[in-house]
Amino acid sequence: GLPAALPALPLELTVLYNSLLFTVGASDSAIKGEAEGIRQGLLRVLEACGACGQDLGTEELWEKVLQEVTVEKLQAPLHRLGALQAAWWLAASQLGSVAGLFQLLSTAEDPGRAHCSEGQNKLLSLIKAWRVPAEGASLPLVQSAKDLKEILCTAAAFLQGLQELEAGNFPTALSLLQEAAGGFCSKSILAQIHTCLGCCAQRMGKPQTALQQLKRALQVDFQCLPALSHVAAVYHDLGEIDAELQALTLLYEALGKSPPAAASSSPCFLMQAELLVHTPVLTSLLRRGPPSEVKYLLAQRCLQDGRVADAVEHYLDFLSLLQDGLQQQVPLDGSSALPRIPEVFLEAASALEQAGRHQDAITVCEEVISRTTDLIPRVLRVEERLEQPESSLPGAELAGGLLSQKKESLCCLAWRAAGYLLQGWAWAKLGESKEAVTQFSRGVLERLEDAVLRCVCLSVAENLQPEVEVLQKIRLLSLLGRGTQFLELGRNKEALLDFQHSLQISPGDPAAASYLVQALWELNRKQEAAAQWQKFSQSCPGEDGQQQGQGRPLPLYLVSCLEQAVFPHSEALARSIQDYLGTAAQDTPS
């Protein structure tokens, strides 16, 4: 409450500098908001000099103080306070304000020094050009301005590197992050910088460089587990499944352990770089997924690579986590790599079925079917009028809600149908063809057939197209599965109808075409079978491959069904038809 007095201001500003640093150090959390104490200190300086600045913003206030206050004893305290102000602005990613402030600081002491050479980063050049004021012996500082300058340099390089990384300017990002890695920081922040360097190199298409940087991050700080997660991602891109699984296993084990108490890895500073760098892109790069997510990735990768026994073990471990309250471990912001829970169950069922544990697969599928059946409406209409309007138009929110409802209903329909499909193949493997036909029929008929036909005939909203494609594929695979069981049971006419129906859904499908020929052959309609075989044989082999590769990737839980639907007797059937055609040609009079 005392009026400002010039003789006391150096001490007052130094006390303010120290107290702000103590406040930052005591909170041990990222700096947020404005440094109101700095503003009040500047106003006190202007008051002592007979000036006023209450109506000025913070940047204008700094400009006025540094241009109008020329008292020699105030220059060092003001410069130190300016460095603190720069820290607050860096924490708010106000890089332009920081550059402007250091331009003023450098100009105030030497008009010719605030110059940036060609090709140099302007902000870093201005911070480095700032001449740190000498410390007075009578006014001790809790953190020297020299150390603060080094921290500002590191934080500025790190922040700008992250901005360039987010913008896709990878060479510039790499240069800035390398600058930050050579700066003054703790082991924790250095590990984070190397992790970001690894991510940058990965996006530049340099996987080996990425691995070097990520391993460097782990050498610096083994508790930087996001680096281990990125290592697994790089190995995945390289197709090195063994190394990827090893990295994921280490990550899972590390996440299950309590982290050791953080030991001091550098001199104790109240203001540190980690308090200044907290951007969304960094949060995303350093996201630390829960153990359940890593366990799922292990299961998924094993299943994709055909390591069925390992996949079953990991899926069962994951399902046991569900019993332990998995919902508390999964973030609700959409950042999790986990798919919807019914899809995980279906993937587990697929793994169990491939491992020969058919009854277990049937049980898991039954869980999905029972949970989703009540969520499917009696009548499901997917119509053109549900296309989502522009958000500014009246009724946009209601239409969006209806679209979301239909999308969820189609998902439930697909999950239930996939459950029946997987059960059908499991019963088929157990030799129970009649039970298999029943389950395949449930995947083909009823609401699934009605909904899919509606979707095909109408112009479906683009947002629902993925769900419709999955339903169509399930229907195709169910028809093929049921047809194969009809053949096993000697019900060849019914099998023929299913294969004809399959070709209507997916014209040119190689499995459906081959099974159709076999069904005709079994019905002793050999001339028709030969004609159909010639028709499909004459089609370009590349067309079928292209057709299979079109559209969106097939859900993992359907991959094994697709493989089981492949016609297994192509060569034998081709020989039989060729022999028939050769005999027929000989019998035909010239």
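Modeller: A nonpolar core is a set of buried Ala, Val, Leu, Ile, Met, Phe, Trp, Tyr and Cys residues joined through side-chain atoms within 4.5 Å. Buried means under 20% relative accessible area, exposed means over 50%, and partly exposed lies in between (1.4 Å probe, protein chains only). The model is predicted: local features need pLDDT of at least 70, side-chain atom pairs count only at pLDDT 80 or more, and totals for chains, interfaces and linings use all residues. Residues are numbered from 1 along each chain as its sequence is written, and side-chain values use heavy atoms, with hydrogens and water left out.

The largest nonpolar core has 100 residues, of which Tyr 315, Leu 421, Ile 474, Leu 480 and Phe 499 touch the most other members. Helix 18 (residues 396-429) gives the largest share of this core, 13 residues; helices here are DSSP runs (H or I, at least four residues), numbered from the N terminus. Leu 421 touches Phe 440, Ile 474, Leu 477, Ser 478, Leu 558 and Cys 561, leaving aside residues up to four places away in sequence; contact means heavy atoms within 4.5 Å.

Turning to the rings, the whole structure holds 7 aromatic pairs. Rings of Phe, Tyr and Trp (its six-membered ring) pair if their centres lie within 6.5 Å; planes under 30 degrees apart count as stacked, over 60 as edge-to-face and the rest as tilted. The rings of Phe 499 and Tyr 515 are stacked, because their centres are 5.1 Å apart and their planes lie at 20 degrees. This pair links distant parts of the chain, 16 residues apart: Phe 499 belongs to helix 22 (residues 492-505) and Tyr 515 to helix 23 (residues 510-522). Both Phe 499 and Tyr 515 are buried.

Trp 521 and Tyr 580 form an edge-to-face pair, since their ring centres are 5.9 Å apart and their planes stand at 90 degrees. Trp 521 counts as buried at 18% relative accessibility, whereas Tyr 580, at 27%, is partly exposed. The charged end of Lys 526 sits over the ring of Trp 521, 4.9 Å from its centre; the criterion is NZ of Lys or CZ of Arg within 6 Å of the ring centre and within 35 degrees of the ring normal.

Technical notes: Helix = DSSP H or I, 4+ residues; strand = E, 2+ residues; numbered from the N terminus.
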